[in-house]
Amino acid sequence: MAEALLALGGNVGEVRETIDRAIAMLCEGNGLRLTARSSDYATPPWGVADQPPFVNLCIAVETALTPQALLRRVQAVEHALGRARVQERRWGPRPIDIDILAYDDVTLDGADLTLPHPRMFERAFVLVPLAEIAPDRVIAGRKIKDAILNLLVMTLPRL
């Protein structure tokens with residue numbers, strides 16, 4: 001079994017209910033078991049500012065699925081819950097977004113999946129909930145709790 005870390009979020013509709021349904025759907029059947037879930041966080045939009053705030057959280061799962069099979073399951077759940085990637089604006093409003101942040105210590109750079117997630121260390125809405133469930137987890141040579149401190153230092157204005 002591998003450990004995968006996922007980020008979930010959304011800002012359209014009953015987001016918390018949609019996220020709960022997404023987690024249940026991900027864990028249906030064989031191949032994936034929830035091991036940890038962070039608190040829900042209300043976060044400002046990232047990338048496109050003129051949209052409602054998001055609800056974000058992270059989960060840890062044990063999985064027998066390959067990274068590509070996990071991606072297919074994630075995308076199937078997103079689609080079933082109303083996400084239409086081809087019709088949406090990049091970083092725009094969406095009912096659900098599920099990103100695979102890390103899969104064990106696997107490094108991939110494919111057309112459809114990059115591991116670890118290439119922008120996770122730039123996003124407090126990912127790092128804060130992730131630190132709640134895996135503060136000492138090392139991803140790409142960085143502890144999550146250290147990555148948060150680095151992000152804060154980089155974003156605070158200097159006088």
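**The salt-bridge network and its surroundings**

Mentor: Arg16, Asp20, Arg37 and Asp40 are linked in a network of salt bridges. The model is a predicted one, and it holds 11 salt bridges.

The side chains of Arg16 and Asp40 meet in a salt bridge, with 2.8 Å from N to O. Arg16 belongs to helix 1, residues 15-27, whereas Asp40 sits in the loop between strand 2 (32-37) and strand 3 (41-43), so this pair ties together parts that are 24 residues apart in sequence. The two partners can also be described by their accessibility. Arg16 counts as exposed, because its relative accessibility is 53% and the category begins over 50%. Asp40, at 25% relative accessibility, counts as partly exposed.

A further salt bridge joins Glu62 to Arg33, and here the closest N and O atoms are 2.9 Å apart. Glu62 lies in strand 4 (residues 54-63) and Arg33 in strand 2, so the pair ties together parts that are 29 residues apart in sequence. Glu62 has a relative accessibility of 30% and therefore counts as partly exposed. Arg33 is likewise partly exposed, with a relative accessible area of 45%.

The pair of Glu78 and Arg83 also forms a salt bridge, the closest N and O atoms being 3.1 Å apart. Where do these two side chains stand, buried or exposed? Glu78 counts as buried, at 1% relative accessibility. Arg83 counts as buried as well, with a value of 7%. Both assignments follow because buried means under 20% relative accessible area.

His117 is located in the loop between strand 7 (114-115) and helix 3 (124-133). The side chain of His117 reaches the backbone nitrogen of Arg119 at 3.2 Å. Leaving aside residues up to four places away in sequence, His117 touches Asp99, Ile100, Leu101 and Arg123.

The cysteines call for a separate remark. The structure holds zero disulfides. Cys27 takes part in none, and the nearest cysteine sulfur, that of Cys58, is 14 Å away.

Leu156 is found in the segment after helix 4, residues 144-155. At 54% relative accessibility, Leu156 counts as exposed.

To return to the request, the network consists of Arg16, Asp20, Arg37 and Asp40. The Arg16 and Asp40 pair connects helix 1 with the loop between strand 2 and strand 3, and the Glu62 and Arg33 pair connects strand 4 with strand 2.

Definitions and conventions
Residues numbered from 1 in each chain as written. Predicted model: local features only at pLDDT ≥ 70, side-chain atom pairs only at ≥ 80, totals over all residues. Heavy atoms only, no water. Helix = DSSP H or I, 4+ residues; strand = E, 2+ residues; numbered from the N terminus. Buried < 20%, exposed > 50% of the residue type's maximum accessible area, 1.4 Å probe, protein only. Polar contact = N/O pair within 3.5 Å; in protein donor to acceptor, adjacent residues only side chain to side chain. Contact = heavy atoms within 4.5 Å. Disulfide = S-S within 2.5 Å. Salt bridge = Lys/Arg side-chain N within 4 Å of Asp/Glu carboxyl O.
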